[in-house]
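This report is meant to be read beside the sequence and the coordinates. Please keep both at hand.

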2 protein chains.
Amino acid sequence: MTSPKPRHINADVRMRGFADRSTVEVATAWIDDVLPNFSALPVEQVALSDAAGRVVAQEIVSRVNVPSFPRSMMDGFALRGEDTYGATPYNHLQLKILGTSLPGEPFAGHVGPGEAVRIMTGAPLPAGADAVLPVEETELAETNLLAAGQVPPGKHVGQIGEDIRIGDAVIRAARWLRPQDVGALSSIGCAHVQVIRRPRVHVVITGNELLSAGSMASGFHIADSNGPMLAALVSRDGGEPLMSAIVPDRPEQIRAALAQPADIVLVSGGSSVGQEDHVPALLAEMGELAIHGIAMRPSSPTGMGRLGDRLVFLLPGNPVSCLCAYDFFAGRAIRALAGLDKDWPYRRRRARLTRKLVSTVGRVDYARVQVMGDELEPVSVSGASILSSTTRADGFVIIPADSEGYPPGTEVEVYLY
Amino acid sequence: MTSPKPRHINADVRMRGFADRSTVEVATAWIDDVLPNFSALPVEQVALSDAAGRVVAQEIVSRVNVPSFPRSMMDGFALRGEDTYGATPYNHLQLKILGTSLPGEPFAGHVGPGEAVRIMTGAPLPAGADAVLPVEETELAETNLLAAGQVPPGKHVGQIGEDIRIGDAVIRAARWLRPQDVGALSSIGCAHVQVIRRPRVHVVITGNELLSAGSMASGFHIADSNGPMLAALVSRDGGEPLMSAIVPDRPEQIRAALAQPADIVLVSGGSSVGQEDHVPALLAEMGELAIHGIAMRPSSPTGMGRLGDRLVFLLPGNPVSCLCAYDFFAGRAIRALAGLDKDWPYRRRRARLTRKLVSTVGRVDYARVQVMGDELEPVSVSGASILSSTTRADGFVIIPADSEGYPPGTEVEVYLY
């Protein structure tokens, strides 16, 4: 595709290489530049039980103290700390046991000098008591308590607001809610949470040759594999995939698909410069085709732009190119809009190549590899249409544009799918 | 809690420390030992669109070739390779263009010597043709093609079965399905996938003091925070949480909850050795209490055992202890049953402590930390009841049992929530 352009070209055919390609850096920078214009997704309310994994819209401030009453941190006896002064395993001090305080079932009376109340972890500290003597430092004599250790006032007592105080910011704005965050929200009485609505991502699959996902191939028609893959990627990245029927390679139908409401549009197929590649011209006509053609392999026929309030990504129809273009560009935008970390969600590790990885200066390569212990085996592929190369692969290695590749034995960073 | 046991004890009160504690290693080994007896979860069928993130029950073998017909890998012209021999940019060879082959719309005729068919990437190779000359190596003269380069037979042609052959194992048994795996399954005509059913995890929250999740605290009653946290953790780890109403600290009600159908039971609260800690005795009576009390902080009042065909985890009611005990033990079992990696799903990195972390030899510590650039700041906490310590924390550091902790400046491994 880097051969010289033909001197004469039939305009109808429109089959030619890209006039020039953007670098991966330029394309990424374009996304990061325009994203702020798209980042005002509306807020929606979800039940606490659906809040994990969502991104909170605004700081959540507690209207309550947690705990809202002094409570015991130990199983033992609530008492006045000064009544235990001098108590040791060899010098027991006797106190009168008045009753029991259990979680949710406090002791109703008052603890005076020389008195104690049996208390469980989490139970309210009775009035008059100021400390808890752990059960391990006690013995019993009939119905009386023998203190065998001493505790100062306040010891083993959880004070009001010790965990969370009224006015504390429990969750910062834009926090991705983890399981324990949901627990903390529950403890301050949040039954519902205001979260950023998931970005709605319209997945438009084009191709006259395509049957719906999971269909048996029939004649020269094959099942769409990009639709279910993209839907899973969008969900992983915090977006809500909106799927529609496969769109034939006809301008009027592609135009209608592009116009549907969404925050982001992903178009698979028809993204290059061939006879049936209508999408770039349509996007340029209807909105803005900002980037078309990227110096990378696979995925060079990738485009991106804007259409009204929608970010649009034109992804190659070849499944490996589609995955790679999604990973480099569309996924970044979706994660950013969703309020997640823009960077790849893949774990990284370092490992050593068993064979050389060849690239060409001026182009970024996305090389699929298998991980075998501490070694990386490049997955042999003959083209971007070989989706099984990504199912056999455990991850990928990026060869930057200024590199001709790596000799065998090089330690490189691998991103694990 | 490591104080000597009291010499006299009122049996009714049952308030004492653990007689002895298991190590984390022993508890983990117990889980790994019993898991094989629990790993026969049934298989269920899901639609392809729901298959990402699920674990396939058995190897999936292709019944079709992908592609099922020879196809072009380039935009260009399908022809007989030998007709291009000798063609260069300075020595054009002329061929007759018969028509066009598009994806899903093949050229119906036959390509003979001196003939060519315009072809798009992915389109079926017409009968008679054996190679594709890329458009960049062609020019047009009226309706004729001028070949300006040469290609051997087979060049730029994707052969039948090149991606996937009939009989190929496309997905191995027990594979966690990634987005591209779902794409590959679609391409071989799988509209449905047999996956391992998610482990059903009954989350039993006990405590007379507890109100349902998200309730406003009222008097001495507080909202349950462990239920929503555990539900989110179980979902994260591939399980299906089964939630029921909060169970009062009464043996007959706890007994009924333990008896409900599930693959795994998590009981929060009542797991220690205090007056209201009924759960361990009930599990021992109804089934097997294999481990009770673990040498770790927090979470020492953790138990585990079996009841019929259910694995049962007794988690402390204190929220931090509950999270930690889940992470160390219950999560491991759930992930394993679900067919996922047993190890923690947290990313790891190395960073340097800004302050010392103190521990006690003989006990594993789970220390919450904040990550600030390349530095780790321990989160100050006064007890296991401070759930906000985990919402403030970015992750945790494990201090092994044989360590007294780390001085400031030590580089340690941190697990990121």
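## Basis of the model

This is a predicted model, in which local features need pLDDT of at least 70 and side-chain atom pairs count only at pLDDT 80 or more, while totals for chains, interfaces and linings use all residues. Residues are numbered from 1 along each chain as its sequence is written, chains are lettered from A and ligands numbered from 1 in the order in which they are written, and side-chain values use heavy atoms, with hydrogens and water left out.

Chain A gives 97 residues and chain B 98 residues to their contact, where contact means heavy atoms within 4.5 Å. The two chains bury about 7,500 Å² between them, 60% of it on carbon and sulfur atoms; buried area is the accessible area (1.4 Å probe) that two parts lose on being put together, summed over both. Across this interface there are 22 residue pairs in polar contact, both residues at pLDDT 80 or more. A polar contact is a pair of N or O atoms within 3.5 Å; within protein, one must be able to donate a hydrogen and the other to accept it, and residues adjacent in sequence count only if both atoms are side-chain atoms.

## Helix α3 of chain B

Helix α3 of chain B (residues 226-236) is mostly covered, with nine of its 11 residues buried. Helices (H or I, at least four residues) and strands (E, at least two) are DSSP runs, numbered from the N terminus; buried means under 20% relative accessible area, exposed over 50%, and partly exposed in between (1.4 Å probe, protein chains only). The buried residues, among them B:Met229 and B:Leu233, pack against α2 of chain A and against several elements of chain B, including β13 (200-205) and α6 (319-338).

## Two residues of chain A

A:Ser215, in the loop between β14 (210-211) and β15 of chain A, is partly exposed at 22% relative accessible area. Apart from residues up to four places away in sequence, A:Ser215 touches A:Ala223, B:Ser186 and B:Gly189.

A:Arg118, in strand β6 of chain A, counts as buried at 15% relative accessibility, and a polar contact of 3.5 Å joins its side chain to that of A:Thr100.

## Salt bridges

The structure holds 42 salt bridges over all chains, each a side-chain nitrogen of Lys or Arg within 4 Å of a carboxyl oxygen of Asp or Glu, yet the count between chain A and chain B is zero. A:Asp237 pairs with A:Arg335, the closest N and O atoms being 3.1 Å apart. A:Asp237 is buried at 0% relative accessibility, and A:Arg335 is buried at 3%.

A:Arg350 forms a salt bridge with A:Glu411 at 2.7 Å between the closest N and O atoms; A:Arg350 lies in strand β22 and A:Glu411 in strand β28 of chain A, so the pair ties together parts that are 61 residues apart in sequence. A:Arg350 is partly exposed at 47%, as is A:Glu411 at 38%.
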